[in-house]
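This report is meant for someone meeting the structure for the first time. Please keep the sequence and the 3D view open while reading.

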Amino acid sequence: MHLSPLIQRFVLHFGEMGSRWGINRTVGQIYALLFTASRPLNADEIAEALGFSRSNVSIGLKELESWNLVKLSHQPGDRREYFSAPDDVWAIFRTLAEERRRREIDPTLSMLREVQLETPSDPNDRHAQERMKEMYQLILLVTSWFGDIQKLDVATLEKLMKLGSKVNKLLEAKEKFSIALGGKPRADTAPASAVKAKPTRTRKE
């Protein structure tokens, strides 16, 4: 199986980037190949296209299966297994994000939750525990938000992602409206008394 320069460039780049995302180069290249392929590929075709050994391809495919990032299929009269990447890129993004949360974020939350149950006597430990509590609350907030995002349908998710800076402007407008109705400004908002008044000129008699 011959790879065009276009596909080869993508496959090589994805392999290099894979190590930064928590997967090795071989797995990254296999996934890039499946993602760009116009049809499902079997392990022999993958090994030939990438120049990998059959055993390395099998290990890489098992890794991708554990991440739920490949689909397994069969063809009539062929006992070999064929692999493909999901067609929906949003589904790929959601699966990858969910798997990373389950593998990396959830264990950290569990550890931080257990730390909060302890009663340290040393002042340094109490300070450290407070810092860990702040981290726990932040991660919990982010994961809760991510959980809400995961429930959105693709069309709504696309609209939300395209809002960008408009969300911040909307929040700022909401705050100004709240202040106008007698609400309190945020802590980082300068009070009116802090604004330097413009000097007034008096008329000479």
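Predicted model: local features only at pLDDT ≥ 70, side-chain atom pairs only at ≥ 80, totals over all residues.

Residues are numbered from 1 along each chain as its sequence is written, and side-chain values use heavy atoms, with hydrogens and water left out.

**The chain as a whole**

The protein chain holds eight helices and three strands, and these follow one another along the sequence in the pattern α-α-β-α-α-β-β-α-α-α-α. Helices here are DSSP runs of H or I with at least four residues, strands are runs of E with at least two, and both are numbered from the N terminus. Of the 205 residues of the protein chain, 26% count as buried, where buried means under 20% relative accessible area, exposed means over 50%, and partly exposed lies in between, with a 1.4 Å probe and protein chains only. Among the contacts in the protein chain with a separation of 6 or more, 53% join residues 24 or more positions apart; contact means heavy atoms within 4.5 Å.

Two packed helices are described by the angle between their axes and the distance between the axes. The axes are lines fitted to C-alpha atoms, for helices over the stretch in contact, and the angles run from 0 to 180 degrees between N-to-C directions.

Helix α2 (residues 25-36) packs on helix α4 (residues 54-66) at an angle of about 75°, their axes being 9 Å apart. That makes α2 roughly perpendicular to α4, given that angles of 65 to 115 degrees count as roughly perpendicular, those under 35 as roughly parallel, those over 145 as roughly antiparallel and the rest as oblique. On the α2 side, Thr26, Val27, Ile30, Tyr31 and Leu34 meet Asn56, Val57, Gly60, Leu61, Glu63 and Leu64 in α4. By class, this contact of α2 with α4 has seven nonpolar, three polar and one charged residues; Ala, Val, Leu, Ile, Met, Phe, Trp, Tyr, Cys and Pro count as nonpolar, Asp, Glu, Lys and Arg as charged, and the others, Gly among them, as polar.

Helix α3 (residues 43-50) also meets α4, with axes that come within 9 Å and cross at roughly 115°, and α3 and α4 are therefore roughly perpendicular to each other. From α3, Ala43, Asp44, Ile46 and Ala47 meet Arg54, Val57 and Leu61 in α4. By class, the contact of α3 with α4 has five nonpolar, no polar and two charged residues.

**Burial and the core**

Six of the eight residues of α3 are buried, so α3 is largely enclosed by the rest of the structure. These buried residues are Ala43, Glu45, Ile46, Ala47, Ala49 and Leu50, and what covers them includes α1, α2, β1 (41-42), α4 and β3 (78-84).

The largest nonpolar core has 26 residues, and those with the most contacts inside it are Ile30, Tyr31, Leu33, Leu34, Ile46, Leu50 and Leu61. A nonpolar core is a set of buried Ala, Val, Leu, Ile, Met, Phe, Trp, Tyr and Cys residues joined through side-chain atoms within 4.5 Å. The elements giving two or more residues to this core are α1 (5-18), α2, α3 and α4, and its largest share, six residues, comes from α2.

**Single residues**

| Residue | Relative accessible area | Class |
|---|---|---|
| Thr26 | 19% | buried |
| Ala32 | 0% | buried |
| Lys71 | 40% | partly exposed |
| Asn68 | 47% | partly exposed |

Leaving aside neighbours within four places in sequence, Thr26 is in contact with Phe52 and Asn56, whereas Ala32 touches Phe10, Val11 and Phe14. Ala32 lies in helix α2, and from C-alpha to C-alpha Ala32 and Ile7 are 8.5 Å apart in space, although they are 25 residues apart in sequence.

Lys71 lies in strand β2 (residues 71-75), and, not counting residues up to four places away in sequence, Lys71 touches Tyr82, Phe83, Ser84, Ala85, Pro86 and Asp87. Asn68 lies in the loop between α4 and β2, and phi of Asn68 is near 60°, a positive value in a residue other than glycine. Most residues other than glycine have a negative phi.
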